[in-house]
Every structure is written in structure tokens, then in C-alpha cells.
Amino acid sequence: MANISWTVDSNEALVLSLVRAQEDKQVLGKNESFEGFHPTFTYPIYGEDEKLYGYQDLVIDFRFASGSLAQFLSVRYAEKLPASSTVDDVEGIFSPFIPPGYETEEEAFLARVENDASSFQPIGKCIHSYTRPAPSSSSEESNVEYEVYHATFEDSGFREYHRRMQIFILLYIEAGSYINEEEDGWDFVVLFEKRKRKDGTATYHFVGYSSLYNFYCFPEKVRLRLSQFVILPPYQRQGHGSELYTAIYNFVLSQAGVSELTVEDPAEAFEDLRDRNDLRMLLANEQLMNEGFGTQSATASHGGGRVQKARSRLRAVPQSASGSTKSRGKMGPPVDRAWSEKWRKDLKIAGRQFHRLVEILIMLHLDPTDIQGMRAFRLHVKERLYRFNFEILAQMEKEERLQKLEETFQNVQEDYKRLLAMI
């Protein structure tokens, strides 16, 4: 029992805050809170068990100036066991993961917050902006602006800024780790809230960021791989992740020397975010939809938005239970592969991702009573699954292989339905 009372959960003990200057706090809504939240993970810092020993009521108070990310670290507790080899050195273990020079005196830190708030400007080039309605009880403005900046280690001051923000990778991405900043080829996109004070002055506040790595792509281009992606908890479930991803994708489209955007080992939540936004983009592309499903797919113009209109157009395409394909375009099924590959390259989407998106669009388009179309769709998906899992499936007996393909197809189809329900 004694051991239990002196052991604390490091995820609960670590308290994070994005601290704003007093003038910036005056325009916040009563339900807006950017202080006192917790990490999802601390095992990269405090070990797999995420436990700390030797303290009661331990609080690791880790604060950031909301824009510059200047840091403050303080360790408090009600009681501590006498110093011994078994008592964890909380600050000593934590400090190597953050840049030296962090504040330990609260008064000095709050003075730094006030100074940085009026002087801090995002580093790099603004590549995307959007607005969100301001909380009703905040300032008189009707919208809050957000801006996305592209930067590299070549931008003055960004290397130091990155060292302050990279801690969020360890705290919020499972199996996340720091990148090697000595490697060339890193790009970053950083999202900021741009909030006006009562006097009209705008200040910037960190929301999240993503890192991308450049890989050589034969013969003369590069492939951008999205490596890390994080939106901090106070800003989650508000659409900011989609805006950041959209900014990244549009940046890739604008770069003539970039062949495609890939994603490194995506978590399920990010994979859903990526799928939703890619699907919305394709559905809103009238030329792709017209070529893919025939010109009649563009006849309907009703619907509340671009996605709704696109969905209405798809449903407007006449089908027949006899399986007539007269109204079908390049997506068939089966898909015109040369046409599909041209669009994939033009849209700079990685192969497996684009093929999945095409399958989802076909499923949205198909009439369940179209027996021939449904059969062609099933064979199309199974062929891709077979190619993707060839090494495993090739070792199975034919009957087992067919059964496994059918099971996988059914699971894929259910997942596509789940994704379509989100858009």
C-alpha cells in the first residue's frame, strides 16, 4: 500500500497550458480554455509504465507562451520521500526533452508572455487562411482568423521555434519521436489562430503543425511524405485538422517539383481525416466526376453545398437492373486504368490512396440492383486487395484465399460506408 500512495500517473501529473497575455484573455469567450490540459502519452519521457515514484499530489506545471512557445517548467508536490535512488528526478528526466533556458520563475515567465504576445510573428510564408465564428460571448468581432505558414530550417529563427514545439509530438502521437534536424529536406506547415484585441491589434497563437520530408522521385522530382501531424487539445474537433491537411495538399499541388503527397504510417484518426478531405475534394471536382460517371452526372444542381451537389449528381445517373453500362464513364466499373493514372498524377495522390478513393466513389455511384455493375465492382476491389496482399495470399490454398478475399472485401465495403456517412 505504501508504494501505491507514493506512485503517480505521469499523464495526470503533467499539466499543459498555452498562456495568453492579459489583453488577449479579455476577448475570449467564457467557454474558451487553453490552460490546464493533459498529454495523451508520457512514456517517451517517463517510461512505458508512465509512473513516477516518490511523491504525493505531484504537479508538473509546463506552460507555453501561446504564440512564441517560450516555456516555463515547475514541479510541485505535497510530500516527497527522502532522496534516494528510487525517487524519480522529475525535472531532471524531463528537461533533456526541451530546449535549455526555459523559465522556472512564474513572474519572469508571465512578463515574457506579455512581451512575446505583442512582438511574436509566425515564421515563414502564409499559404492558407480561413475563419471560424467567434464565440458569442467573446469580442465584438464576428469571426476569428486562422493562418497556416510554410517554413523550413532555412528560415531565420525557425530551427529554434521547432525545438520548442516538437515536444507535442512525443505527448500526442503514439510512437512519435523527434526528427533529425541535421537532415536536409524537411518542410513544416504551422497553424496559428490570429485573434484581435479590443484595440484591433492582432496577435498569434499556436494551434498545431505538421512536418513533411522530401524524398527523391525519379527522374527529377520529389515526393513529400507527411511524417507528423498534431492539433493541440483545446483546438481539436473544430475542423482545424481538416484545414491544416487541406493547406498541405494545396501546397503540394502548387509545387511543380513535387510529384505526390504520401503519409507515413497514419493513425486511424488521421487516416479518416485524410479520407474525408480527399473525398470531398474529388466530389467537388466537376471535370473528374463528369469524366468518371458520364455527363449526365452533372445534370442535377440542387443541394446545400458542393459535396451535396456532387452526391446528388451521382444519384441522378440512371441505372438499370439489367446492368446496362451506356451511362457509365471512365470509372465504370471496371475503371479505365490509363485515365485513372493520369488523374492520380495530376492530383498528386499516392497510388493506394487514390485507388481506394476511386472505389469509394464507384460504390457511391452504383445502384445496388445493378447486378453486373456490383459484380464488376467486387472484382475490381478484390483484384487490388490481391495485389496489395499478394505475399500472404499466395501461400494459401485457393479455397482459403477466395474466402479471405471475400471477408476482406466485405470489411472494406463496410468501412467505405462508414466513411461516406461522415461526408
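The legends below accompany close-up views of a predicted model.

View 1. Among the 30 aromatic pairs that the structure holds, Tyr130 and Tyr146 form one that is stacked, with 5.2 Å from centre to centre and 10° between the planes. Tyr130 belongs to strand 9 (residues 125-133) and Tyr146 to strand 10 (residues 143-151), so the pair ties together parts that are 16 residues apart in sequence. Both partners are buried, Tyr130 with a relative accessible area of 8% and Tyr146 with one of 6%.

View 2. An α-helix has 3.6 residues a turn, so residues three or four places apart point the same way. Phe158 and Tyr161 are both buried.

**View 3. Arginine side chains over phenylalanine rings.** The charged end of Arg20 is placed over the ring of Phe34, at 4.1 Å from the ring centre. In a second example, Arg159 lies over the face of Phe153, and here the distance to the ring centre is 4.6 Å.

View 4. Arg195 is part of strand 11 (residues 186-196) and, with a relative accessibility of 1%, counts as buried. A polar atom of the Arg195 side chain lies 3.4 Å from the backbone oxygen of Val27, which places the two atoms within the 3.5 Å used for a polar contact.

**View 5. The buried face of helix 11 and the glycine that follows.** Helix 11 (residues 286-293) contains the buried residues Leu288, Met289, Gly292 and Phe293. When the helix is seen down its axis, its buried residues fall within an arc of 95°, so they line one face of helix 11. The residue after helix 11 is Gly294, whose phi is positive, near 90°.

View 6. An unreviewed UniProt entry places the feature "coiled-coil region" at residues 395-422. In the predicted model, this span is 89% helix and 0% strand, and its end C-alpha atoms lie 37 Å apart.

How values were computed
Residues numbered from 1 in each chain as written. Predicted model: local features only at pLDDT ≥ 70, side-chain atom pairs only at ≥ 80, totals over all residues. Heavy atoms only, no water. UniProt positions renumbered as here; feature names shortened; annotations may be inferred. Helix = DSSP H or I, 4+ residues; strand = E, 2+ residues; numbered from the N terminus. Phe/Tyr/Trp six-rings, centres within 6.5 Å; stacked < 30°, edge-to-face > 60°. Buried < 20%, exposed > 50% of the residue type's maximum accessible area, 1.4 Å probe, protein only. Lys NZ or Arg CZ within 6 Å of the ring centre and 35° of its normal. Polar contact = N/O pair within 3.5 Å; in protein donor to acceptor, adjacent residues only side chain to side chain. Arc of directions from axis to C-beta.
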